[in-house]
Amino acid sequence: MTPLLLILAIAVPAAAGLLVLLLPSRRAPWAPAALAALTCAFELVLAVYIFPHDFAFTWPWMGFGAEFAVKLSRFSAFILLGIATFSFLVTAYSAVSMAKAPSSRRFHAWVLFTVALSAGAVLADNLILFLVFWEGLLLTLFAMIAAEKTRPFATAVKAFVIVGLTDLALMFGVMLTGHLAGTMSMSAIRLPLDGLGAVAFLLLMIGAMGKAGAMPFHSWIPDAAVDAPLPFMALLPGSLEKLLGIYFLARVSLDLFILTPASWVSTVLMGIGAATILLAVLMALVQRDYKKLLAYHAISQVGYMILGIGTALPVGIVGGLFHMVNNAIYKSSLFLSAGAVEKEAGTTDLRELGGLGRSMPITTICFLIAAASISGVPPFNGFFSKELVYDGALERGWIFYAIALAGSFFTAASFLKLGHAAFFGKPANAKRTVKEAPWPMLLPMIVLAGLCIVFGVANSLPLERLIQPVLGTAMKGAHGGTFAGFPTNMLLVGLTAGVLALAVANHAFGVHRTGRGIGAVDHIHHAPGLSSVYKLQATGALDPYRMLGGIVGVASRGLYALDRAIDWVYSGLAAQSALAVSWVLRKAHNGNVNRYVLWALAGAVAVVLAVLAVTGGGR
Amino acid sequence: MIWFTLLLVVLVLAALWASMTTTLLRSTLGLALASALLSVVMFSMGATLAAVMELSVCAGLISVVLVSVASLTRPRSIQEELASRRSRLRRIWPLPLVLIAAGVALSFVHAPVDIVLHLPKGDGDVRTVLWSLRQLDLFGQILILLAGALGVLVLFRKEAKDDD
Amino acid sequence: MSDLLLLVPFVAVVLLYLLPKRARTAGLWIAFGILALETAAAFIDRFATIDFGLLAPLGKLLGFHLATDGLSELVILCTGLVGMAALLVARRTLEDENEKFLFANLVLVAVVGINGIAMVRDLFSLYVFVEVTAVATFILIAAGRGDHVFEGAWKYIFLSVVASVLMLTSLGFFLLSTGGITLDAARTGLAANAPLAWIAMALFLCGLFVKGAMVPFHGWLADAYTAAPAPVSVFMAGIVTKASGIFALMRIAQSTLGGATPGREILLVVGAVTIVVGAFLSLTQTNFKRMLAYSSISQMGYIVLALGGDLRLGILAAGLHFFNHAISKSQLFANAAAIEKQLGTLDMDEMGGLGARMPVTAGTSAVASLSIAGLPPLAGFWSKLLIVLALWNAKEYAFAAVAILASLVTLAYFLSLQRRVFFGKPLEKWAGAREASVGLLVPAVALALITIALGVGFPFALKILMGGGA
């Protein structure tokens with residue numbers, strides 16, 4: 001009976017989602033959010049309950065290798081736990097922030113479907129089944145952004161197109177992998193990275209990165225930050241997508257393919273990771289909107305994860321995975337704090353905020369803890385995971401390490417600016433009275449901030465219980481068997497401390513120069529060379545989606561003429577002839593019963609003559 | 001042989017008259033005549049029982065039923081009658097023509113058919129045939145009668161309602 | 001006892017007329033109950049051989065020579081389901097208590113006819129029960145209130161008479177050539193290649209083609225379906241035409257023709273022509289029910305086409321398509337009833353954007369349309385696939401291609417129907433239109449669910465069907 005608990009993990013949220021859709025929303029406006037929170041609580045309990053077990057369940061479904069196979073391995077149990085935890089926290093939060101929104105019912109239904117689909121994707125042991133769940137997430141993504149119906153539609157389309165294209169690559173990758181391995185069962189596949197295998201790996205990697213939001217598949221996230229509801233940001237780009245994307249990347253790198261430090265694919269991964277870190281954080285640096293700033297940081301942090309996994313070294317992989325967990329924790333905490341600010345102060349434009357530290361103390365403290373974690377300040381969790389990633393990156397090449405370190409600098413600078421502009425200093429708009437957020441919004445933030453501390457100080461808990469078991473035997477012989485505890489490479493620690501100090505100095509310089517917290521990085525913004533790049537970025541010219549749109553536009557005009565001709569054959573010729581045939585036949589049916597009888601009798605004569613002809617009147 | 005052919009020709013003509021005439025009563029008359037001629041044919045071929053059934057049921061009973069149902073109908077007005085007469089040839093001329101033409105054409109088709117007349121097995125007793133061999137068909141015919149009765153109930157009540 | 005399937009509805013009709021006028025409203029529900037029992041009877045294996053203790057002496061008294069097998073059970077199941085749907089539709093679309101009572105009774109008579117068709121072993125009895133069904137259906141159509149009712153009924157009975165003539169003539173020839181009119185006797189006669197037997201079979205097939213509305217014997221169907229009152233259309237499209245014509249063809253193909261040419265070839269050609277002509281005729285119709293009527297012609301062509309393929313698979317495919325069409329077409333006509341009741345018109349040129357106003361009707365009609373058009377994972381996809389496979393196995397590649405191409409036209413006219421009626425912005429004149437009452441929605445939703453369930457769970461159903469055998 002117990003492997004069926006796995007099915008429950010998928011089926012219960014799906015059923016709850018259906019229920020929410022069918023509930024009449026007028027009578028109990030709080031019902032969708034409450035139901036969602038309850039379901040996620042159940043999911044969390046279930047995830048904790050099944051965590052220590054090793055279940056598997058297979059059911060032949062469609063043939064051709066597509067089976068309904070779910071399996072609970074250490075890794076998927078851990079991710080499932082993460083999914084359940086974050087969805088619970090966010091739905092508890094959104095119970096308040098979205099309670100009165102007219103789209104609450106649709107939004108919460110889609111949240112529940114997302115949870116169900118994510119659980120399915122994580123538990124799936126068959127590539128085709130995995131693909132089904134993954135694609136389903138595309139739909140819920142679109143639906144959640146478009147939940148409020150008017151403005152966000154363009155963003156939803158953008159998200160759909162970008163993630164959809166990467167999903168297409170994923171599909172090809174899955175087909176190729178299945179073909180190379182001869183099976184679609186994920187636990188049975190283990191391919192070397194050469195020739196077609198590398199191509200398959202890259203395709204799958206594109207799919208994973210699209211979901212996780214790495215560059216160049218990132219440009220929808222900042223738009224969504226502005227248009228989509230806040231809990232959505234906390235849940236999807238903040239935590240779930242990273243968990244799923246990096247989970248899949250890790251599965252592909254560790255299980256499905258044999259990623260070694262010697263292969264060029266590993267270098268490609270690290271390059272993408274490093275580029276993402278730096279480019280995204282540079283964009284984040286100059287943002288004036290709280291939410292957009294956080295969105296760019298989300299993109300940047302993914303770079304660390306990809307870099308870590310790309311090193312193909314145990315220390316880097318563990319670091320990348322740990323960073324995934326930590327990022328989920330502090331990123332969602334940061335988005336939730338943005339939501340609290342938006343609710344209480346009414347805006348997220350940094351130019352209009354300020355001095356919230358006095359009126360929203362708890363929010364401020366949670367923000368500070370999360371900001372310190374993301375910047376890599378000890379003893380919070382971000383520091384430990386970043387150190388592991390640095391260690392791995394340095395072993396593979398100093399350039400990667402340098403970029404990652406630079407990224408940390410800008411991250412810290414950016415958050416110093418954000419914190420100063422929003423929470424400290426003089427309030428820009430003194431008239432509005434701001435109070436602390438209500439406790440259902442505070443509790444999740446506090447829990448997450450607490451986790452930042454716990455996962456940092458007692459990092460053996462997540463590392464040894466959750467992450468290192470993923471690597472299994474590869475962990476032996478490295479570092480005395482565990483990466484927990486304080487990092488041993490003091491050079492790296494020193495450099496990190498130095499970079500943080502540099503960031504503080506930079507901030508002080510910036511504030512002194514412009515007199516306001518928000519101007520803390522203006523000198524970087526207007527630096528020669530960078531300023532023109534920033535100007536281009538502001539116009540959207542650097543957006544890969546737009547560039548794609550441009551290329552597509554040109555190509556489509558070229559093909560238009562050819563298309564017209566083919567189209568004429570189908571919708572012109574074929575349709576007209578079909579309609580003509582239909583018209584002729586209709587005219588023949590004039591309603592005269594005698595005519596119909598004639599037809600019947602003529603048909604009978606024809607049939608009899610045919611029969612006679614064939615049987616030849618045998619004698 | 002000649003009488004036989006003549007009988008068949010008159011039978012066909014009676015049937016044609018029954019379908020082309022414009023009054024219900026004349027039609028019923030034509031049907032009765034055709035049935036009577038058919039029973040003569042059957043008698044001359046040696047199927048005495050069948051001839052008797054045909055005469056009594058079809059020529060007799062059915063004609064009575066038809067006439068009584070026809071009495072429930074509204075007689076046609078003069079205009080309807082004239083219009084029907086004028087258009088009837090136009091309406092149905094192809095049908096008998098085609099039938100006759102097909103018959104002629106088929107007669108030229110040399111289908112080497114070996115007709116072996118199988119005499120009915122067992123005793124030809126009507127009672128045995130009806131009650132033990134063909135009970136199911138009897139049941140079916142009762143159903144048709146039932147349906148017909150329902151039909152008369154429905155259609156004429158409806159006519160009456162529509163006329164009110 | 002299979003005799004019960006014939007006797008119970010008959011006795012019920014007689015008893016119902018003995019009820020006092022005030023109790024007649026129960027008539028519909030009694031008929032419903034009987035049909036529910038009939039549906040259940042289809043699932044009881046070897047229903048024919050069950051001995052209901054007390055009724056045993058009755059069995060000895062009656063000498064009905066009946067037999068039930070897989071095909072019979074199929075028809076009995078469809079009759080029960082379609083009949084129940086038709087009764088539910090009648091409850092909400094017929095206005096008069098008298099009309100409903102009469103409808104229930106006539107349906108019961110027709111059901112006896114259909115059950116008889118399903119169970120006889122003899123060509124003459126087949127003819128008798130075909131007549132029973134025809135008369136009952138004729139009255140059902142003629143009792144309606146709309147325009148052109150009598151025209152539709154008249155065409156129906158007139159061509160039915162032509163069919164009777166063909167069938168009786170054929171029986172005469174059978175007696176001449178083989179001396180018997182059971183299906184076995186016919187088979188021996190055909191196997192011996194006696195030309196007269198083949199002429200007789202050809203004529204009988206033509207008679208069945210008329211009843212089953214194959215092209216070019218189909219002239220009556222469109223007017224009959226369109227003019228008939230809503231529940232009658234449901235009943236006719238769902239089971240009557242199929243049982244009288246198509247089922248008999250299946251029975252003959254299975255037991256008598258035995259895959260021999262020219263029987264197979266006739267079925268192939270007629271089936272193919274019917275599919276194509278029916279589909280093209282549907283394409284440009286403006287009346288909702290008329291389009292569904294021509295679509296029915298086309299789909300029944302598919303069933304006949306399947307019989308021309310590899311025999312075992314062909315019978316299975318034909319049976320499956322029979323079932324799917326019974327369910328989906330009845331459901332579409334139930335949707336038509338809902339639209340007619342709510343809007344008062346069936347002219348598709350006047351409709352538009354009803355999807356927002358009548359979501360359940362729109363949703364279920366979409367399910368049925370896509371199923372008939374053959375889209376996975378609905379039930380219709382599987383039956384179409386099996387038909388094509390049956391043809392392919394028998395090396396009839398051209399006919400398989402025709403079947404597939406005609407599916408395109410089928411999809412075209414159904415999408416056109418959906419677009420014209422349900423999609424787009426609601427027209428102003430339908431601003432006040434609301435979804436039909438629950439009584440009309442229940443049959444539509446139930447039938448749609450069966451379509452979906454059979455489609456999704458088809459691999460399981462297939463195991464049961466292959467085991468049960470046709």
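Colleague: Leaving aside neighbours within four places in sequence, with which residues is A:Thr411 in contact?

Modeller: This is a predicted model, in which local features need pLDDT of at least 70 and side-chain atom pairs count only at pLDDT 80 or more, while totals for chains, interfaces and linings use all residues. Residues are numbered from 1 along each chain as its sequence is written, chains are lettered from A and ligands numbered from 1 in the order in which they are written, and side-chain values use heavy atoms, with hydrogens and water left out. Contact means heavy atoms within 4.5 Å. Apart from neighbours within four places in sequence, the contacts of A:Thr411 are A:Val281, A:His297, A:Gln301, A:Ile374 and A:Ser375.

Colleague: Is A:Thr411 buried or exposed?

Modeller: A:Thr411 belongs to helix H16 (residues 398-423) of chain A; helices are DSSP runs of H or I with at least four residues, strands are runs of E with at least two, and both are numbered from the N terminus. Buried means under 20% relative accessible area, exposed over 50% and partly exposed in between, with a 1.4 Å probe and protein chains only. Because its relative accessible area is 0%, A:Thr411 is buried.

Colleague: Which elements give two or more residues to the lining of the largest cavity?

Modeller: A cavity is a set of points on a 1 Å grid over the protein atoms alone where a 1.4 Å probe fits but cannot get out, and lining residues have an atom within 4 Å of a point. The largest cavity holds about 70 Å³ of space, and its lining includes C:Ile117, C:Leu123, C:Phe247 and C:Arg251. Two or more lining residues come from each of helix H6 (123-142) and helix H11 (230-257) of chain C.

Colleague: How many residues of the lining of the second largest cavity are polar?

Modeller: This cavity has about 50 Å³ of space, and among its lining residues are C:Gln299, C:His321, C:Asn324 and C:Ser383. The largest share of the lining, 4 residues, is from H14(C). With 1 nonpolar and no charged residues, the polar count is 8.

Terms used
On a 1 Å grid over the protein atoms alone, a cavity is a set of points where a 1.4 Å probe fits but cannot get out, and a pocket is an open set with protein on both sides within 12 Å along at least five of seven lines; lining residues have an atom within 4 Å of a point. Grid points are joined across faces, edges and corners, and a volume is the space filled by probe spheres set on the points. Ala, Val, Leu, Ile, Met, Phe, Trp, Tyr, Cys and Pro count as nonpolar, Asp, Glu, Lys and Arg as charged, and the others, Gly among them, as polar.
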